[in-house]
Amino acid sequence: MTMRRRMAVLAGLMLGGSTLGGAASPLPPVALDLIIGDTLPQHLSDYRFFTDRAATRPNARVTGYALNTPLFSDYAEKARFLYVPPGTRAGYGAAGALDLPVGSALIKTFAFAADLRAPGNDLRVIETRVLLRRAAGWVALPYVWNADGSDAVLQRSGGRVGVTWLAGDGRRETISYRIPNSNQCKECHALANAIQPIGPKARNLNDGAQLGRLVAAGYIAPAPADTPRLPRWDDDSAPLAARARAYLDVNCGHCHNRAGAASNTGLYLTWDEPDGTATGLGKRPVAAGRGSGGHDFAIEPGHPERSILLYRMRSMEPGVAMPEQGRATVHREAVDMLGRWIAAMPARP
Amino acid sequence: MAAAALCGLAVPAAADTIAIAPGDDAQQRVQTALIDARPGDVILLAAGRYAFTDGLSLDVAGVTLRGAGPDATILDFSGQLGSGEGLLVTATDVVLRGFAVENTRGNGIKSKNADRIVYVDLRVEWTRGPRPENGAYGVYPVESQDVLIDRVTVKGASDAGIYVGQSRNIVVRHSTAMLNVAGIEVENCWNADVHDNVARHNAGGILVFDLPDLPQKDGHGVRIFANDASSNDTPNFAPKGNIVASVPTGTGVIVMASRDVHVFANRLGDNATANVMIIAYPRAFTDPVFDPLPRDIVVRDNVHGRAGWAPQLTGGRTLGTPPDGHSFPILWDGAGRGIAVGDAVATLSLGLVVPGTPIEQAKPMPVDLADTTRAAEPEAVLLPAAMEAAVR
């Protein structure tokens, strides 16, 4: 079905970007007219984001970037790229989200390593999701890679594809991976019913060096001096509570915020939400149905085994599993980390 | 030419009808139609069974999704692998009409931020009967202004069959809810008319609840009238933790917290716990503006059959056996103010004046609430004319 190929280059190049290489050959620039136009380009290659068919070498004004704490997507490897039109740069919006100018694009490719113990090797590339900043707002489009790996084709209705890999303990895992349809893109990316990027916020880009690199290359304005630094969720040297809240921010906060798809739940898991009932501490379920698993609270301090949040993260059942979209396997390492966080909270009388 | 040009000024671009038949690849074909539809379009689902592996979603305003009838066009989610509901609507002015949604893993049909949505002539059902592994809500409009649910049947929901949450200006009518935990539930809503429905054989028939810690608070202005909320005798099968898990089996109408709720001219009977129950929100909460008390509640002119002969309250035995020949069709926990009961049946107060007092401390006694000054009845809910036109 889909191609399998050596793609260590993908991981290697994603942090580089065009600014490093200079223009070795006079390639036409990114098709800005397609980004700002009102058509739905049928092929990923139409945009000319990349100089190669495999979409690994960024064109001019396209650069790779990484996030301190990424969204979990069934152990998929992701390569993230940012395009900002010549002569423009991004500022900052609410909560430090990059305010990307019209004509910008975010490009994210999802691939699966055959063996999680050797990430980056023998990657099977599944899909590339594109967010286009048009004058009327953001547009989200999913592109699915064809069998020979020569291009990815627009597939707005999404789909499913079987994926298999060897897990960290050597066991084989096989899932039905969901490629989201364009409405599902919006379910996660909607803020007050308008599509917004999720990942590129100053705090999640801030790894000590990356913001400076992006500023120097002219992609973004200098970040505010007080820009917080979201910890890496898997950084054992960072405080557990901060790692937990970082993970919940990135993996849950896009819906579970006051203007998101889960606004009606009263459970808000964004980084800047102060600890309390709204972040799940002693919070009773509202519309969870059997998603409660028979438990009383989203987070019951001291009791991970009785916390609905972990019950739903451990479940694979539609109607129970959280997040609702984009997860067909359990993120065991994150469940363990969050479980330690909840266990360490003083139990309530 | 001139006439056509003038018409063109007044009439929007011609709406399309997109016809879809059952068969292979229904997931892609129906979802593609839902994505490609333009405002005003009608998506017609021909009679037959459509099998889906994922939830469907509609995010285009003004679209009608229409089948050949709730027993003819069946959207079958028995093989669902993902999504929290069968169909999700996130656009305004949508009409859902004439189809069934069966055996979703989560909720049946959810609509959020979907103002002026119309649910008409639909069926949502878990076909194996009441089971805790069924989805939570059958139809689930939330955070919306103007909601109409008309001629909708829901069976088997493990929470509420017809649930309207945190919305404003709502009409639920001519609908049937059976074999759910809660038949019809209106939660944290402002201004709702629930009338001419049948809510039988649930654990609880019709619920008006107000809960803390939600974006829309202060549920009020609800009229429950001309419904049949009798024979609610399905043992509560809700998963613990949810508020409906505390609904006593055998209850006709429950008003919890909330203000300005009027319950009148309903047919109530054969409910083992009570025909009408009025209670405070009993649990601890931190929300500083939430009021756990029921306030300005009016119960009048209902037709009562037998009720209250075996209350299924936690620790219900402490209530003692009602005196010979006495049962109490109306049950009040004793908290709140402005509770008026005009019905000519007995009301039992549990004397639990402070919300959250354990039921073991109940001091059951008959009370007469006939002389309470009755709060003014909320005004009838009026919906935009286009919504009424859509169901004719």
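In the predicted model, the secondary structure of chain B comprises 3 helices and 30 strands. Its radius of gyration is 22 Å, close to the 21 Å that the globule rule gives for 392 residues; chain B is therefore as compact as a globular protein of that length. The C-alpha trace of chain B spans about 80 × 45 × 40 Å along its principal axes. Of the 392 residues in chain B, 58% are buried. Contacts between residues at least 6 apart in sequence were also examined in chain B. Of these, 62% join residues at least 24 apart.

Chain A meets chain B through 33 residues, which contact 38 residues of chain B. On the chain A side, two elements give two or more residues each: β10 (172–179) and α4 (182–189). The largest share comes from α4(A), with 4 residues. By class, the chain A side divides into 17 polar, 10 charged and 6 nonpolar residues.

Within chain A, helix α7 covers residues 240–251. At 1.5 Å a residue, its 12 residues should span 16 Å, and the end C-alpha atoms are 16 Å apart, so the two values agree. Because 9 of the 12 residues of α7(A) are buried, the helix is largely enclosed by the rest of the structure. The buried residues are A:Arg243, A:Ala244, A:Arg245, A:Ala246, A:Tyr247, A:Leu248, A:Asp249, A:Val250 and A:Asn251. They pack against two elements of chain A, α5 (202–205) and α9 (332–343).

Definitions and conventions. Residues numbered from 1 in each chain as written. Chains lettered and ligands numbered in written order. Predicted model: local features only at pLDDT ≥ 70, side-chain atom pairs only at ≥ 80, totals over all residues. Expected span 1.5 Å × (residues − 1). Buried ≥ 20, exposed ≤ 12 C-beta atoms within 10 Å, placed from the backbone. Contact = placed C-beta atoms within 7 Å. Rg over C-alpha atoms; globule rule 2.2 N^0.38 Å. Nonpolar A, V, L, I, M, F, W, Y, C, P; charged D, E, K, R; others polar.
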